[in-house]
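Subject: Handover of a structure

Hello,

I am passing a structure on to you. Please open it first, then read the notes below it.

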Amino acid sequence: MAQNKYDSQWKEVESLVRKGLPQSALSIVDSICLDAKTDNNAPQFLKAALYQIRLKSDYQEDFMETSIGDVSRELETATSPVKDVLYSIRAELYWRYYEGNRYKFYERTRVSNPDLSDIKTWDMQTLVDAVRKDYLASLAEPAILQKINLEEFDPILEPESDSKIYRPTLYDFLANRALDFFNNE
């Protein structure tokens with residue numbers, strides 16, 4: 001019954017997105033997020049969190065900073081496996097922030113005491129350290145993550161054929177995401 005509720009809400013969200021109404025869609029996504037958090041439904045909560053980021057990018061100028069702040073606030077109370085996935089998401093948001101503002105980072109000198117609450121003031125080393133720290137934090141509980149079948153997270157994934165053969169657990173998935181970063185030059 002609860003899944004039907006989510007399905008109908010997601011259909012409404014998609015309808016509003018197709019009509020070019022991201023703010024209206026976001027209000028429904030916010031509701032889904034709260035419901036999923038109350039229901040302790042990790043896949044639906046994470047799907048809603050990712051949609052919030054996507055929808056904010058359609059109309060907010062500083063959506064990346066806002067999204068990083070939103071994920072950081074959720075991390076304060078999150079538990080595994082949501083916490084682990086949120087660390088991975090925040091690491092990716094940090095990296096995407098860098099990619100979108102690379103020219104700014106090249107012009108900055110190293111800061112001895114950066115304001116960790118304001119990414120706009122960070123130097124390159126501070127940013128890379130934050131990404132590294134979050135990807136490692138996403139893998140901090142391997143015993144728990146290795147017991148979680150990745151199929152539970154199908155609502156937030158776009159699986160490739162046979163991908164679950166190589167990454168059958170949530171740990172495998174998060175480790176692969178981290179490896180993508182650590183293999184980056």
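W95 and Y98 are 3 residues apart in helix α5, so about one helical turn separates them. Helices here are DSSP runs of H or I with at least four residues, numbered from the N terminus. Both W95 and Y98 are buried. Buried means under 20% relative accessible area, exposed means over 50%, and partly exposed is in between (1.4 Å probe, protein chains only).

Before more detail, a word on the source. This is a predicted model, in which local features need pLDDT of at least 70 and side-chain atom pairs count only at pLDDT 80 or more, while totals for chains, interfaces and linings use all residues. Residues are numbered from 1 along each chain as its sequence is written, and side-chain values use heavy atoms, with hydrogens and water left out.

Aromatic rings

The count comes to 8 aromatic pairs. The ring centres of W95 and Y98 are 4.8 Å apart and their planes are at 35°, so this pair is tilted. The rule takes rings of Phe, Tyr and Trp (its six-membered ring) with centres within 6.5 Å; planes under 30 degrees apart are stacked, over 60 edge-to-face, and the rest tilted. Ring pairs also link W95, Y97, Y98, F105, Y135, F181 and F182 into a cluster.

Helix α10

F181 belongs to the buried residues of α10, along with L170, L174, A175 and A178. They cover an arc of only 125° around the axis, which puts them on the same side of α10. That arc is taken from the directions from the helix axis to the C-beta atoms. What covers these buried residues includes α5 (82-100), α7 (124-137) and α8 (142-145). Contact here means heavy atoms within 4.5 Å.

Helix α10 itself spans residues 170-182, 13 residues in total. From its first C-alpha to its last it reaches 18 Å, close to the 18 Å expected at 1.5 Å a residue. The expected span is 1.5 Å times one less than the number of residues.

Salt bridges

There are 11 salt bridges. Each needs a side-chain nitrogen of Lys or Arg within 4 Å of a carboxyl oxygen of Asp or Glu. Side chains of opposite charge can pair when their charged atoms come close.

- K56 and D70 meet at 2.2 Å, N to O. K56 lies in helix α3 and D70 in helix α4 (residues 63-75), so the pair ties together parts that are 14 residues apart in sequence. K56 is buried at 10% relative accessible area, whereas D70 is partly exposed at 22%.
- K120 bridges to D62, with the closest N and O atoms 3.4 Å apart. K120 is in the loop between α6 (102-106) and α7, and D62 is in the loop between α3 and α4, 58 residues apart. Both are partly exposed: K120 at 39%, D62 at 34%.
- E141 and K83 meet at 2.7 Å, N to O. This pair links distant parts of the chain, with E141 in the loop between α7 and α8 and K83 in helix α5, 58 residues apart.

Salt bridges that share partners also join K5, D35 and D39 into one network.

Two buried residues

Q44 lies in helix α3 (residues 42-57). Q44 is buried, with 2% relative accessible area. Its side chain makes a polar contact with the side chain of W10 at 2.6 Å. A polar contact is a pair of N or O atoms within 3.5 Å; within protein, one must be able to donate a hydrogen and the other to accept it, and residues adjacent in sequence count only if both atoms are side-chain atoms.

I119 sits in the loop between α6 and α7. I119 is buried too, at 8% relative accessibility. Leaving out residues up to four places away in sequence, I119 touches E65, I68, Y94, Y97, R108 and L127.

Backbone points

Most residues other than glycine have a negative phi, and most peptide bonds are trans. Which residue has a positive phi although it is not a glycine? N40 does, at about 55°. N40 is in the loop between α2 (22-39) and α3, and is exposed at 69% relative accessible area. A cis peptide bond joins S80 and P81, with omega about 10°. P81 is in the loop between α4 and α5.

Best wishes
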